[in-house]
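I open my notebook for a look at aromatic rings and packed helices. Here is the model I worked from.

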Amino acid sequence: MSTIIASRKILIVPLDWGLGHATRDIPLIHEMLNAGCQVFIAAEGKHAALLQQEFPQLTVLPLPGYRIQYAQKGQFFGLKIIQQIPKIYRAIQYEQRWLKKIVAEYQINAVISDNRFGLYHKNIPTVFITHQLLIKTPFGGWIERTLQKINYRFINKYSACWIPDFEGSNNLSGELAHPTQLPAHTTYIGCLSRFEPKANVEKKYDLLVLISGPEPQRSNLEKMILDQVKSLSITALIVSGKPGTPQHEEVAPGVTQINHLNASELNEAMLASDMVLSRSGYTTLMDLAKLNKKAILIPTPGQSEQVYLGEFLMEKGYFYSLPQERFNLKTALDEASRFPFRSFHHDQDMNQYKQVVQKFVQSL
């Protein structure tokens with residue numbers, strides 16, 4: 001390997017909207033390290049903690065996130081986000097000032113921004129990662145068109161746009177990442193998942209429940225599951241999505257609840273389960289597709305992107321989806337058992353992103 005490539009310094013910065021942006025960047029970081037790069041991470045809070053745990057040898061630079069606040073009720077979700085646009089814009093301006101300083105101080109050669117808008121730089125290559133070229137809102141119409149224009153204005157300031165999905169009709173994101181017009185310098189990089197499939201894993205659970213997302217909806221779903229699972233004769237593992245607070249208890253015969261699993265434990269649990277029940281967050285969908293798992297999706301109420309993805313992927317036959325307001329666990333399991341699940345990845349290259357990263361590193 002040439003010393004030029006070996007000395008390249010790359011900064012990677014995930015958005016602080018849920019942990020999905022941080023976890024989907026893990027395979028990218030591994031690939032950059034494999035190519036001999038020196039990788040820096042910028043994050044705060046649980047995102048910084050997660051990536052530091054995964055990569056203890058790397059420098060994590062403190063950078064405030066957008067710190068989005070969520071509405072208490074699902075129907076106000078989109079309005080609450082729109083009200084915070086001025087705060088996001090101030091954060092973007094801060095990112096610009098911060099990046100100039102960091103690039104000079106650490107001699108950074110390239111930046112990978114996972115959906116953070118202010119990390120472009122005129123002197124070095126910068127990449128924007130997103131699966132949302134079209135930003136869904138409950139209002140649709142001109143509001144979505146306006147948001148898309150603003151989105152593209154920022155994306156086009158970057159040297160490249162990487163989309164974690166596949167081109168063509170066999171894709172996971174539908175019109176979110178396949179609109180009629182793409183930004184400049186766009187590349188589809190395939191599925192991004194830190195998980196790896198394995199053959200002949202012994203089955204342990206009829207159902208794996210992954211509870212995640214903003215409060216109060218995370219707790220609402222957890223309560224519904226716990227209330228309903230006790231009357232069913234199934235083996236189940238419920239992961240409550242609360243890292244940092246250890247808990248492990250049997251809540252009913254054959255049903256275990258645990259607050260958090262690390263990456264390798266979660267990988268094993270998914271492989272050892274017949275069915276997964278989860279939100280329709282995009283990173284979770286990529287994990288399910290990579291491991292070729294059957295899943296029941298419960299979109300976070302009011303989160304238009306998740307509602308769209310649940311409906312789109314059910315229509316494609318990849319996953320079974322239903323809204324939280326009419327969720328019943330027994331009914332959902334019965335209906336999912338009759339659902340004709342199609343395999344997503346039988347003709348897709350799940351390592352497509354590796355070639356893109358290698359080519360990018362070689363260009364630096």
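Is Trp 162 buried or exposed? I found 4% relative accessibility, so Trp 162 counts as buried (buried is under 20% relative accessible area, exposed over 50%, partly exposed in between, with a 1.4 Å probe and protein chains only). Phe 360 is buried too, at 12%.

I note that this is a predicted model, where local features need pLDDT of at least 70, side-chain atom pairs count only at pLDDT 80 or more, and totals for chains, interfaces and linings use all residues. Residues are numbered from 1 along each chain as its sequence is written, and side-chain values use heavy atoms, with hydrogens and water left out.

Next, the rings. My search of the whole structure gave 11 aromatic pairs (rings of Phe, Tyr and Trp, the last by its six-membered ring, pair if their centres lie within 6.5 Å; planes under 30 degrees apart are stacked, over 60 edge-to-face, the rest tilted). The ring centres of Trp 162 and Phe 360 are 5.4 Å apart and the planes stand at 85 degrees, so this pair is edge-to-face. The partners are 198 residues apart: Trp 162 is in strand β6 (residues 160–163), Phe 360 in helix α12 (residues 352–363). Helices (H or I, at least four residues) and strands (E, at least two) are DSSP runs, numbered from the N terminus.

I also looked up a cluster. Ring pairs link Phe 117, Tyr 120, Phe 128, Phe 154 and Tyr 158.

Last, a charge. Lys 136 lies over the face of Tyr 308, 4.8 Å from the ring centre (NZ of Lys or CZ of Arg must be within 6 Å of the centre and within 35 degrees of the ring normal).
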